[in-house]
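Work through the exercises below with the model open. Try each task before reading its solution.

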Amino acid sequence: CNEEFLSVTPLGVLSEATLSNAAGVNLVLTGAYSLLDGVQTNVGSAFPDWTGSADNWVYGSVASDDAYKGSNAGDQPEISIIEAYNHTADLTHFRGKWRAVYDGVARSNDVIQLVPKASDLSDVDKNLAIAQARFLRGHYHFEARKMFNKVPYIDDQTYNAADALSTKLPNSTEIWPNIEADLKFAYDNLPNRWAGAPGRATKWAAGATLAKAYLFQGKYAEAKPILENIIANGGYKLVDAYHDNFRAATNNNAESIFEIQHSVNDGAAISNNGNRGATLNYPYGGGALTTCCGFFQPTHNLVNAFKTDADGLPLLSTFNQVDVPGDNSQTYAGSLDPRLDWTIGRDGVPYLDWGIHNPQYIRDRAYAGPFTAKKNSPYRSENGTNTWTGNPRQNANNYRIIRLSHVILWLAECEVEVGSLDKARELVNQIRKRAANPNGVVKLANGNPAGNYVVKEYTAAWTDKAVARQAVRFEQRLEFAMEGHRFFDLVRWGIVDQTINDYLTVEQNKRSYLRGAKFIKGKHEYFPIPSQEILNSAINGVPTLAQNPGY
Amino acid sequence: QRSISGKITAEDDGSPLIGASVFIKGSTVGTVTDLEGAFALQVPADVSNILVVSYTGYATLEVEMGTQTSFDLKVKADVTLLQEAVVTGYGTQSRRDITGAVASVDTKQLLSVPSTNVAQAMQGRVAGVNVSNENAPGGGVMVRIRGFGTINDNSPLFVVDGMPTKGNLNTLNLGDVESIQILKDASAASIYGSRAGNGVVIITTKRGKSGKPKFTYDAYYGQQTPIKFLDLLNTQEYVNLLWESRINAENPALLVDGKISDPSKIVYPNIPMFGGAIATPRIPDYIFPVGAVGTVDESKYSVSPKNLITKANKEGTDWFDEIFDSAPIQNHQIGVSGATDQARYSMSLNYFDQQGIMIHTSYKRYSLRANTEFKVNKRIRLGENMQVAYGEQIGQPNGNQNESNPISFAYRVPPITPVYDVKGYFAGSPTVLDNSRNPVAELYRNKDNAGKEIRLFGNAYVEADILKDLTARSQLGIDYGLFNIRRYRANDPESPEPVGNNNLNTSNSYDMTWTWYNTLTYSKSIGENHRFTAMIGTEAIKNYFEFFSGERNGFAVDDLPNRYLSAGRAGINNTGGAAEWLLASEFGRLNYALNDKYLIDATVRRDRSSRFAPEFRTAVFPSVSAGWVLSKEDFLSGNQAVTFAKLRVGWGQTGNQEIGNYNAFSTFATSPESSFYDLSGSRTSSQPGYELSQFGNAKAKWETTSSINAGFDVTLWSGKFDIAFDWFDRRTTDMLFPVEVQLTQGVATNPFQNIGEMQNTGVEVGVNYRGKSGEFSYTIGANFSTYKNTVIKTNGDPKTQYFGFSNLRLPTGTVAVTQQGFPLASFFGYDILGIFQTDREAAESPVQFGGGAMNKAGAFHFRDVNGDNIINSADRTIIGSPHPDFTYGINLSFNYKSFQLDIFGQGVQGNELFNYVRYWTDFPTFGGNRTQRMYDLSWRPGKTDAKLPIPRSNDVISSNPSTYYLEDGSYFRLKNVQLTYNLPQNLISRIGLGGLRVWAQGQNLMTITKYEGLDPEVNLRNYGAGSDRQIGVDEGTYPAFRSINFGLGVTF
């Protein structure tokens, strides 16, 4: 036999050379976008879909004062460990998140390296492809930075797909400047809109992400002009109904700046593009549209935060002193912010168009309380169209990672810090005014509001920065509750240890498993670098990655 | 031409030899003796004058006929089976001349135990060969020869009639097997080079023997019954334990030294099913409506809208009893064989049907074999061996060792759930008691999901005697397999987490291998003193595999005739792919015997594989071995006791190429799941994308196993006793492993890299004793083997840990680790020292997992391995090994007149098993049923001999992987007791038969083990490549069964 007999070509896959053209660049770029949801199944994966989920429900919400793990005690115990701040560096969850974001980085770098080889691509298109890839690379690194603190920045100079050792970089250098550079390039080079492709990154998405990166570093002065530019020139507006930010039918609406696109019945097995990251987070039974898995239940603390006073304002300091009852047999006499019932399922209130939320929606009420998550859920009337025909838990309800309301409230933060308290209040009031829209609240079958909803604007001036800060931050909690931002916001605001420990002091009387839980300052602000990744980073037996303090 | 006739009897006892070959030397004229040992033969004029009598176990007798026409010949029992021809690589050798470690399996014994698969039947039969099988009909079988040579794939190469295969052998009909040889060491196996690293099993199928056509019919029928179930709770016990663990969870402040200090302050569990927050739970009359007591209006029953009505089973459902039942097994084989001087032929038709002891599982096989050989002329022979088989398997849904299979559901479903609801439909469990599905329903709905396999396996060859001593052979083999399954999942409206939409997946694949080899063999004796055989050859192999599958959901009705893809309305999805590999080889062998005393055997093979980049694809695998027949030396030649003695020593190298087909290439792939994205915001479509799917490693080279073998074969007292002993040391270097690439590089298939070293050392002993007293004779056989596996090196870093599968529910991942200095797949977890008896003792101990309830009375006391006074994941360590100290088999055979009694037992000693089922049944994790052990042996104040911590429903720590899960996996199993009766000749001939044999048999009549799981025979978690990184983890394996079988064999 000669050598020719033994030469083979891999079947059903392509080489880099085959992809080195305009069409190939677009395909690989689409592949880089496709990891925005944090879900991947290309290799027999031991990482459950939600560990890398873009909505960060575990790390941003369960690890904060917004949500419990939910379900029952035995299911997914790792999340219970994170919830009670007992986590260690070897949890599969952290590695799953690390894996998702760094695969996103690698795919972005594949695009950047492929572009110069595509001779049929015009310079304009080359620039647009690079700008999108750098936006994505910045975004993925941003996720890594906020989760894991000390992380390496993998750029296209470092990364070499043909050399498996190429990315063993130390994590000793601060990567915010690299993130800023990528996002700045994207902000300067991307178009305002892409015709027919709302899923692509725009100038405004890049700007908002860049501003967010500044806010994470307390660089209010740098963030402010970008946020102002987006509001002035971005062409976005708050949608009339708050809830239009949380339903598939109104994906990519006028308020959206950047959404993680979910699609169903698109040919992907188990509808993998249909928000797999949230697949556990639906009501469990009792006539619900879904029957699994009852995770991601809101905390009582969060429910209480939606209480309003006689002026329709939040009870900034006292909200948690009396509980909004979870049991249907009791009613709450006080008034509530109507956003509560778009955020949280509770007994007696319609759960979208599924029917009235009832105790059977919950898997184990004694374990994780009477409330359910709502923002990620699909409509019963859209079952089979905006949900996967195989299972409605996979649905096309996009995760809106950045919308105009973020930009408005971030600008309010900046205004507070520069001392423009009235400007800040005006911005917060825009949000509250929309929340108060009487046409936009949850209604019963008879057309009446489902609760005693009273929400009003701040009419009195804020007396000082501290009060203003508290109000702005509280508004962000209400507006973005259960959306995976809370923990990271608490960290960047520098109030995470006190907020969480105060929360635990009370909440452990409701959830017995939280007894003994404690947030340790200087440690729990960040999650540990996955221990196996530290091991795998070794060169000649010496790890290049170092662990975060405290782990 | 003239007629001769005669009778052949054994010299020692005068008994007739049935089926002995009688032929004229140098011709194809011959016959076999009948049941009285008689023969008759027409002798042509042009043949030699020598009559030859040959019979296995007896010395070949040659008689000059002269003019004599009637012969009364007595043959001598041979000293053991030393003259037996042993099929080795690309040829045969006399057992006497073998210098490597080659074991022959007694196929008669082997085939006496009903099995689906020939590999399964080898269990316990041969020293150094460990076999474990899945027990499910048509299930997987693991064969490991001399331990585990690599972290990679350790399955041996099977060579059937010269045709190599690594595929599953379910479709090889056992009834066709003539002989099995196992090439255990490299000096024997390295002629198969790159695929022989894990040993080679050579199987030869039956050929026709000289004589008239012989018709046979063999059959058995048996009844299989389950042996053992888990000891689970009834409804009352279940609810009691639930309440206890919920009270402990919800009143931590009241617990002082594990006792409720102030009962008046207790907050009781609030579960409406059991009457709400009350001190003593109430078992309701109905579970649907949830917790209903008294009368329920059953006329309101409705599936949609869902208003199922289900009575509580107040006594408790025994789910194991519901899903297991006795089941029949049967096998029928018709054969015809014979030979003339121009042709040999053997044909068989087989039907095998095993119903599983698990309801609605089964395996069926139909096979047809035809082996023929034709003599074209004096020098040229043509032949073929061909089998076509059809197999059909209905397995348990979701497969063996899976948390969502019926066995797992049988312990995960609460006892209060009945099998059926008030209308006779399947009942489901209430969601508050968790999400287990009804295992009876699962099996019933799966009963038509048959995996169907057609396999064509065989070869055709031509052999030509070019010169007197020089023979050329060319053989072309084919292995063609087709597989199809339509896997339908019906709606399960009763389930806590119903599937939502019925769906169907249809998948098809085919696999085709051709193997073409050519050999040239030269055998020569020079004078009395020198004998040698030289052989050279080439081989080329090509494999191609292709598959596709399609899926749809939303079928209007579940009826069987509707279960085809086109009948589904939505969820349309399909996938497909292909792969190929090729191998080209040249090889040679030289055997030399000096004075029949000094033996040398040398082989070399050069392999080139498409699986490696061109620069690294060539490898040479040499071997050399020597033998010294001591019994031929002067100092032993006159010895009355020592009949035969031989020392053997050998060294050789073998390889492994199981690294996937395209390891050298970096590739980009597309998949809707992981590289498509809905850029257009359409919600119902997505744009295609590509991603890097494989990191190529063009530098990978062959993994090499070097092995040394030393042993001896001794036969004493004219064959009454023989012993074979071997010692081996196998060391694998450049071990190929898909080293995990750091994730900052992205995610793609990890390339195999040459890392690591692994060593196995061990000894093997096989002994046989044959005794006789009058008409009573007996054989006692035993085999014993050990291996010690050590990972010498992983990637050079002693801290590097390669984990097994982490898909278990256990917190912090995995239970099996491969690390330098330890055996492959060692168990990994926490070491439990005991249970805290008092709060004070607990408080004074290191802070366990953040403290709180884990530092109170009744909690597990974990060992502080790293001594930092904190118990966390850094305190996990290697806690046990799944490798046995030794394995053994015992075979007893007694003959008295026409009766024969065979007894066979097999055991494993000193291995540990990780009883993962305990995660579900011994800890308050999910809401399924619990063991009696948890009920009785959980810690309560004063219970110092407790095995489990205080029951506490929010305890997610105690169930961490730990020494608690480890159990002694030793067992001895009486595999077979069989009584055979050969009907007397006079009776048989009166009814016109050639022979009739009837037998009765009991399989697995007794198992001695301390293991508390379903079955100690749990070696590999599953049977695919890479599975050796997690050995001995019991996820609720399909249990062994006991069976009583009756069989008969008729010859016409």
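**Exercise 1: a helix pair**

Helix α16 (residues 486–493) of chain A packs with helix α17 (residues 496–507) of chain A at an angle of about 130°, and their axes are 7 Å apart. Classify the pair and describe its contact.

Solution. 
- Conventions: this is a predicted model, in which local features need pLDDT of at least 70, side-chain atom pairs count only at pLDDT 80 or more, and totals for chains, interfaces and linings use all residues. Residues are numbered from 1 along each chain as its sequence is written, chains are lettered from A and ligands numbered from 1 in the order in which they are written, and side-chain values use heavy atoms, without hydrogens and water.
- Elements: helices (H or I, at least four residues) and strands (E, at least two) are DSSP runs, numbered from the N terminus.
- Axes: these are lines fitted to C-alpha atoms, for helices over the stretch in contact, with angles from 0 to 180 degrees between N-to-C directions.
- Class: under 35 degrees is roughly parallel, over 145 roughly antiparallel, 65 to 115 roughly perpendicular, and the rest oblique. α16(A) and α17(A) are therefore oblique to each other.
- Contact (heavy atoms within 4.5 Å): α16(A) brings A:Arg486, A:Phe487, A:Leu490 and A:Val491, which meet A:Val496, A:Thr499 and A:Ile500 of α17(A).
- Make-up: the contact of α16(A) with α17(A) has 5 nonpolar, 1 polar and 1 charged residues. Ala, Val, Leu, Ile, Met, Phe, Trp, Tyr, Cys and Pro count as nonpolar, Asp, Glu, Lys and Arg as charged, and the others, Gly among them, as polar.

**Exercise 2: domains**

Into which domains is chain A divided?

Solution. 
- Bounds come from an automatic or database domain assignment.
- Chain A has domain 1 (15–190 + 516–551) and domain 2 (218–268 + 278–484). Their C-alpha centres lie 27 Å apart.
- In chain A, 28 residues of domain 1 are in contact with 31 residues of domain 2.
- Chain B has domain 1 (2–75) and domain 2 (85–99 + 123–207). Here 35 Å separate the centres, taken over C-alpha atoms.

**Exercise 3: backbone**

Find where the cis peptide bonds and the positive phi listed here sit.

Solution. 
- Background: most residues other than glycine have a negative phi, and most peptide bonds are trans.
- A:Cys292 and A:Cys293 are joined by a cis peptide bond, with omega about 0°. A:Cys293 is in the loop between β2 (256–260) and β3 (295–298) of chain A.
- B:Phe288 and B:Pro289 are also joined in cis, with omega about -5°. B:Pro289 is in the loop between β22 (286–288) and β23 (310–311) of chain B.
- B:Tyr90 has a positive phi, near 55°. B:Tyr90 is in the loop between β8 (85–88) and β9 (91–94) of chain B.
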